[in-house]
Amino acid sequence: MQPDWLSLDQQHVWHPFTQAQTAAAVRPIARAEGAYLYTSDGQTILDAISSWWVTLHGHAHPHIAQAIALQANTLEQVIFAGFSHEPAARLSAELCRLTGLQRVFFSDNGSSSVEVALKMALQYWQNQAQARPKILALAGGYHGDTFGAMAAGKASGFYGPFEDKLFEVNFLPCPHTWLQDPQQAKKEALALQWLDDYLAQHGPQTAAFICEPLVQGASGMRMYSPAFLDAVLARLKAYGILVIFDEVMTGFGRTGTLFAAEQLQHQPDLMCLSKGLTAGFLPMAVTLCTEDIYNAFLGADFSRAFAHGHSFTANPLGCAAALASLELSQQTHSQRQYIQQAQQALIPQWQNHPKLQHARLCGTIAAVDLCNFGAYGSQSSLQLREFFLDKGILLRPLGEVVYILPPLCITTAELERVYQAVLALFD
Ligand SMILES: *Cc1c(COP(=O)(O)O)cnc(C)c1O
């Protein structure tokens, strides 16, 4: 039986990233627990993509639910200009300790955290009277759907109707790679050559570089090597260019380490976090930066200040959820490891299949491309989603890319089920 509210959804709700005319009917979700969603009409769905990459330890984790309830009864919200509260201060200190950065600016979604980082980088140079108007980004990155984020993610291909309204960004080619890729070294050398040419011409005018470190999510779980990124960062640092890591998706253990940055020699000057920050319970984001950047905004005059803020900046409920999630994260190292090991043991099934190619792994994330398949949003890709859902598995392929980005509570047996479901496409 369908619930009675479903007709209200059909009449009044506009769903994200959806062509309503051709989309399959939405599935009504009544509740969720651990790795599972439960529909109102009795279906059980294994959530293999962490509900768009946000659910971290599992749905409805009691430790986080409790922390939010406690906070809601104490302080639910307070203006964050001229006021502060304990959860925000403690969370900021903890995030700084974990990332090695020094200052935390709060917002409430990943796109906004990227806007904040780009604006900070641009004003950082202006405050020092240095003309650095250019932004460099890694091609194919996705940074969100607001205008600055769209400009930096232009090459991800989602923004046709707004193309002429986006500011100029230069794009470094991304040498994405996969298991047993014979061309990797060549692609990386070509990209570095492009970068050397760019820097020789525009390095001193470039304010910042932004990328998703190690894995580009929305453009198809495209992976590239830490050694390449380190080589890029070494070159950028020589020109004083600020480095922004958009770890909105990669943060909180997805790439194996708590942050992708931990796998690199060179460190970013700014970092964006959201999605897993509250373990998927509440919308919250942060932009972290160095003390040097923070100091560049100090002065007697308000015009040097960072004139940016959101109504729900540092919402106490979000901060309480994030603190509770970080407590759990202290113990997730072994979970990340067994997921990584399970994926390593399972992925040869994909690697050796004639209709699959470019199998790849990074930490807890696995991805593979279907040969000769339709683009994002195409009818064939929509049918793919329904195929998996009918098997009780939430996978949401990005065009021809099938990927697994599981909550950390997933078991090896459940992962096996997901790999089998993908192979069942060819039965
Ligand atoms: C999802 C995502 C964003 C945007 O976050 P929203 O909360 O959806 O605005 C930005 N960057 C990356 C890498 C993302 O995966």
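The structure on your screen is a predicted model, in which local features need pLDDT of at least 70 and side-chain atom pairs count only at pLDDT 80 or more, while totals for chains, interfaces and linings use all residues. Residues are numbered from 1 along each chain as its sequence is written, and side-chain values use heavy atoms, with hydrogens and water left out.

**Stop 1: around T206**

T206 belongs to strand β7 (residues 206-211). Strands in this tour are DSSP runs of E with at least two residues, helices are runs of H or I with at least four residues, and both are numbered from the N terminus.

**Stop 2: two rings in helix α7**

Next, show W194 and Y198 in helix α7 (residues 184-202). They are four residues apart, so about one helical turn separates them. How do their rings sit? The ring centres are 5.5 Å apart and the planes meet at 5°, so the pair is stacked. Rings of Phe, Tyr and Trp (its six-membered ring) pair if their centres lie within 6.5 Å; planes under 30 degrees apart are stacked, over 60 edge-to-face, and the rest tilted. W194 is partly exposed at 29% relative accessibility, whereas Y198, at 4%, is buried.

The whole structure holds 12 aromatic pairs. For another aromatic spot, select F105, F297 and F306, which form one cluster.

**Stop 3**

Colour residues 365-370, strand β14, where six of six residues are buried. In general, side chains of a regular strand alternate between the two faces of the sheet. In β14 both faces are covered: I365, A367 and D369 are buried on one side, and A366, V368 and L370 on the other.

Then bring in strand β13 (residues 356-362), which runs antiparallel to β14 and is joined to it by five bridges. Two strands count as paired if DSSP finds at least two bridges between them.

From A367, jump to R222: the two are 145 residues apart in sequence, yet their C-alpha atoms are 8.2 Å apart. R222 sits in strand β9 (residues 222-223) and, with 22% relative accessibility, is partly exposed.

**Stop 4: an open sheet**

Now select four strands that form an open sheet of mixed pairing, in the order β1-β2-β3-β15. Its edge strands, each pairing on one side only, are β1 (29-33) and β15 (393-394). Further in, β2 (residues 36-39) and β3 (residues 44-47) are antiparallel and share three bridges. Y38 has T44 as its partner in β3.

**Stop 5: a buried aspartate**

Select D269, in the loop between β10 (242-246) and β11 (270-273). D269 is buried, at 14% relative accessible area. A polar atom of its side chain lies 2.8 Å from the backbone nitrogen of V243.

**Stop 6: the ligand**

Which residues surround it? They are W53, N109, G110, S111, Y142, H143, G144, E212, D246, V248, M249 and K275. This shell has four nonpolar, five polar and three charged residues.

- S111: a polar side-chain atom lies 2.5 Å from a ligand oxygen.
- N109: a polar side-chain atom lies 3.4 Å from a ligand oxygen.
- Y142: a backbone N or O atom lies 3.5 Å from a ligand nitrogen.

Of the 380 Å² of accessible area that the ligand has on its own, the protein covers 84%.

Technical notes. Near = heavy atom within 4 Å. Polar contact = N/O pair within 3.5 Å; in protein donor to acceptor, adjacent residues only side chain to side chain. Areas by Shrake-Rupley, 256 points an atom, 1.4 Å probe, with all protein chains shown as cover. Nonpolar A, V, L, I, M, F, W, Y, C, P; charged D, E, K, R; others polar. Buried < 20%, exposed > 50% of the residue type's maximum accessible area, 1.4 Å probe, protein only.
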